[in-house]
Amino acid sequence: MKERLQQHIRRALQSCFSQGQLHSGHCPDFTVEVPAHVEHGDFSTNVAMLLAREEKQAPRKVAEALVAALGQGDGLWNRVEIAGPGFINFFLTPRCWFGVLDEVVRQGRSYGCGQQGAGRKVQVEFVSANPTGPLHIGHGRGAATGDAVASVLQAAGYQVQREYYINDAGNQMDTLGRSLYLRYRELLGEDIAFPQDCYQGVYIKDLAREVLERDGERLLELPEKQAIRHFAEYGGGRIRNGIEEDLQAFGVGFDNWYSEQGLYDRGEVEAGIALLKERGLTYEQEGALWLRTSDYGDDKDRVLVRSNGATTYFASDVAYHKEKFERGFDLVVDVWGADHHGYVPRMKAMLAGLGRNPEDLQIILVQLVNLLRDGQQVAMSTRSGEFVTLREVIDEVGRDACRFFFLMRRSDSQLDFDLELAKKQSNENPVYYVQYAHARICSINRNARDQGLQPPELGQVDVDRLTLDEELALAKALDRYPETVAGAARHFEPHRIVFYLQDLAARFHSYYNKERVLSEDPETSRARLYLVNCVRTVLQNALLLLGVSAPETM
RNA sequence: GCGCGAUUAGCUCAGCUGGAUAGAGCGUUGGCCUCCGGAGCCAAAGGUCACAAGUUCGAAUCUUGUAUCGCGCGCCA
């Protein structure tokens, strides 16, 4: 709708230029917005105020010329007014608003999808937790966010790949192996002083016991190094499988699991470093190899190869991201914990150094989750290994509530997650509010069928029967859905969908309480059924983007 | 110390590319079931958008400074 108005305004502008009412001859970057107050119409544009300076005329004068040129707009609006400092307000006809219903029915499941990303490949990498322990609640937020961002981008027309980067190289795997090995020896009766820098969680003991049951005592015979490697491989594999199962329970699936170790095995890390050297972006100092990231906006230069010859984590990240783009992605999205925000400049710098536009890498920072129970903070400490796992939360509050809660705030603001609240089946809990709206409409459909009334087919309804303000408001809300999805995709902000859903559900509940859909008059009932099923379609489409189910009964 | 982010109703938070009289949920108070599912609805109260300058037709939004809070600042991953 917005776009149609923009076209009309542009056309009016051109005609003013050619007819000589206006002189500057160029079209400013104006906006068409939904005003905050209904008295200001359905849409409002600031174009006259933007032109005023160049035209050397009062904004309202410019607006008058434009309004004269706008004409009747093919019946799109029934009134145009100039208001305030020079806004032009449009009052659209109900008939044109209810046209959106046919659009929803025509497009069905794809209503809301757009073409802004058509022909572009994007990769979304998220979760990417180390395979050294189970996923915790923070990973859950990253998983929900990454998956929803990927879905939203898909809806915007991008070809999307979901990828999980497995940090299976470096000394953390060694630490995992050592932790397991020591617990194993402990189980066999040895008195072990378990080191601080080993993984403390109980899952380590469980895994060690598992190995003991499988392999018996014979691993004690192995040389320590070999034993540790054995434990690392076995434990890493088991933990990875566990992570995959947890994600599956959460409804998150990946197209690709990408191993860091594989980068080393194929010589990609070496190749990456060689390329940077070739481009003259590196130098040696005190026996280490540095990358000149500070030439591209970073605070300081960063080490790629340490003086002991070992490569840094950053070096494999260089190789990884270089390789991502070689795979042909036009856009790469990384979802990180916000505590890594200090790494953003060096990643962008690295891309710039490689001759790639830093904008082609978007990094979404996901803030901490503050876990509460009845308003009291649940104690968590990674060091002691006492943390609440994602699986525990899914089992306790359910997948839908869990996902919805993770997406209720913008990802870069901290999130309070109250376990008791998420479980409550009451009006305090926002998850069910939206799902309930969907279930209610399904219930209406069941009742309608009992009365021999089917949800009407495309256009088989008289929209003039829809005369209530609430009905018009619902149609307007449905019209706003596609641009909401587009905005969520452009800004990588899935929480916009959540807010939209709450708004749409509220409008529906309000309507439902005020007026019966199945009324005395069959034609009116059919029209309302048509409207309400459009609401259902959009609720379902939006919930689907978030990975939350749209139940028919609750 | 340097850098990044935050600061909006009692609480938790939205607020689009700078737009007109700043919004929602929860909580509080008072109403609504003979009625398609009350997991719902209606109404009221509640604000110096941290503070101070600046930019302009117009600032919660942009700039600078101040305060408070959080995070990050390794040849760790």
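Me: What makes the pair formed by a phosphate oxygen of RNA strand B and the side chain of His 495 a polar contact?

Reply: The phosphate oxygen is 3.4 Å from an N or O atom in the His 495 side chain. A polar contact is a pair of N or O atoms within 3.5 Å (within protein, one must be able to donate a hydrogen and the other to accept it, and residues adjacent in sequence count only if both atoms are side-chain atoms), so this pair qualifies. Bear in mind that this is a predicted model: local features need pLDDT of at least 70, side-chain atom pairs count only at pLDDT 80 or more, and totals for chains, interfaces and linings use all residues. Residues are numbered from 1 along each chain as its sequence is written, chains are lettered from A and ligands numbered from 1 in the order in which they are written, and side-chain values use heavy atoms, leaving out hydrogens and water.

Me: Which backbone atoms come into polar contact with RNA strand B?

Reply: Among them, a polar backbone atom of Gln 414 is 3.2 Å from a phosphate oxygen, and a backbone N or O atom of Leu 518 lies 3.2 Å from a base oxygen. The elements giving two or more residues to the surface near the strand are helix H2 (47-55), strand E4 (87-92), helix H6 (171-187), strand E9 (288-291), H16 and helix H18 (495-514). Helices (H or I, at least four residues) and strands (E, at least two) are DSSP runs, numbered from the N terminus.

Me: Why are H16 and H18 called oblique?

Reply: Their axes come within 9 Å and cross at roughly 50 degrees. Angles under 35 degrees count as roughly parallel, over 145 as roughly antiparallel, 65 to 115 as roughly perpendicular and the rest as oblique. H16 and H18 are therefore oblique to each other.

Me: And how do you know how H14 lies relative to H16?

Reply: The axes of H14 (residues 399-406) and H16 (residues 430-450) come within 9 Å and cross at roughly 115 degrees. H14 and H16 are therefore roughly perpendicular to each other. Asp 400, Ala 401, Phe 404 and Phe 405 of H14 make the contact (heavy atoms within 4.5 Å) with Pro 430, Val 431, Val 434 and Gln 435 of H16.

Me: What links Lys 514 to Glu 470?

Reply: Lys 514 sits in helix H18, and its side chain makes a polar contact with that of Glu 470 at 3.2 Å.

How values were computed: Axes fitted to C-alpha atoms, helices over the stretch in contact; angles between N-to-C directions.
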